[in-house]
Amino acid sequence: MRILHISYRMPPEPGGKERHTARVAHEQALRGHQVLVALRHGEVPPGVAAVTPERSRVTRAVARRSDPLAFAVDCARALPRLGPLDVVHLHGDHREALFLGPVARRLRVPLLVTVHGALAMRHRAIMPWAFRHVAGFTALGTRPTADLRRAGVPAHAILTISSGVDLPRLEAFRARATPEPGLIVSVGSLVPVKNHALTIEAFRRLRAVRPGMRLVIVGEGPERARLERLASAERGVEFTGHLPGDEVYRLVSRAQVFVLSSCRLSSVGEGVPTAALEALALGAAVVVSSDATLDPVVADREAYRVFRSGSADDLLACLRSVLDGDEARARMTGRARAAVAGLDWPLVAARIEDWYGSP
């Protein structure tokens, strides 16, 4: 099979979508497929060929307003020159599909779209038109699935999955870890949707009664200065910036609690956050907001805790419950290992490959 993935960015650019695309492409190459990735920024994994669509005078002008949109137009122009393809797999949403769908249909190549997070529902009116030539969707979690259904996509055209996790690698970090009492870790770009401000507020109130607690926030982004100002009055908060994967895994494997406070915004929201899945495999007690749900890929709701998105009171109560209950926390982390057992990357990649022939 000759597969083209389309992703604006790839690692080492940060982000769960970038890591997901790279790992799916790599696994497909290992399974013997000829895999190409069209990208604007980053690098492709071993065994995968890079495609860098040329810019045109028109798309250079479009890029001044939205380079991801210009990239989609460049990819649509490049498709006929890439030779025979069995699948075009877009990692994006209705904006890119609007330009790529008609070309894929003309070439008689199925276009599949992976929606990694919540859709910008203010564009709902154009979504049926934009998606009209999409053969099928993979949606990372219940929220993207629900948004697609609201946009008129039939249920049979959607496969709800999550990113995979590298279970052997994560188990090795877990086995070597020495837990650090009082350590809370959050991993995610410093952007509004991750809502790190709520985590800092709940931690401030927690530390008033547990002065030995420590919060480490891993990630980089435009909100860093604001978040550092919020945390400046509170000892125990550390910002690491972007860290290599192994350093993140070592840190999370030592944590008592992993927190993700993501919220839904008008134009963006979480799918199934890979960082939380990895934290389950690494042995941290995982606490996520109701807008960062792990449904439906983690069916065991006793393997993690959920608080009401946007509520510092709920997050604080959840943290105190997890930290105060040593036996309950041990049961959580024990169940977490079984909860992610079916998410090893080769298994997830095989499900995606099977889906190529299903829609």
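Biologist: Is His5 buried or exposed in this model?

Modeller: Happy to look, keeping in mind that this is a predicted model. His5 has a relative accessible area of 0%, and the cut-off for a buried residue is under 20%. His5 therefore counts as buried.

Biologist: Which side chain does His5 join through a polar contact of 3.0 Å?

Modeller: Let's start from where His5 sits, in strand S1 (residues 2–6). His5 touches a set of residues beyond its sequence neighbours, among them Val35, Val37, His89, His91 and Tyr356. The polar contact of 3.0 Å runs from the side chain of His5 to that of His91.

Biologist: How many disulfides are there?

Modeller: A disulfide is a covalent bond between the sulfur atoms of two cysteines. The cut-off for counting one is a sulfur pair within 2.5 Å. The sulfur of Cys263 is 17 Å from the closest cysteine sulfur, in Cys318, so that pair is too far for a bond. The count of disulfides comes to zero.

Biologist: Where in helix H4 does the kink of about 35° lie?

Modeller: Good one to trace on the structure! Helix H4 covers residues 94–107 and reaches 19 Å from its first C-alpha to its last, close to the 20 Å expected. The kink comes shortly before the proline Pro102, at Leu100.

Biologist: Which strands and helices do the buried residues of H4 pack against?

Modeller: The buried residues of H4 include His94, Glu96, Leu100 and Val103. Their packing partners are S1, helix H3 (67–78), strand S4 (87–91), strand S5 (111–115) and helix H5 (127–130).

Notes. Residues are numbered from 1 along each chain as its sequence is written. This is a predicted model: local features need pLDDT of at least 70, side-chain atom pairs count only at pLDDT 80 or more; totals for chains, interfaces and linings use all residues. Side-chain values use heavy atoms; hydrogens and water are left out. Helices (H or I, at least four residues) and strands (E, at least two) are DSSP runs, numbered from the N terminus. Buried means under 20% relative accessible area, exposed over 50%, partly exposed in between (1.4 Å probe, protein chains only). Contact means heavy atoms within 4.5 Å. A polar contact is a pair of N or O atoms within 3.5 Å; within protein, one must be able to donate a hydrogen and the other to accept it, and residues adjacent in sequence count only if both atoms are side-chain atoms. The expected span of a helix is 1.5 Å times one less than its number of residues. The bend at a residue is the angle between axes fitted to the seven residues ending there and the seven starting there. Lists of a residue's contacts leave out its neighbours within four places in sequence.
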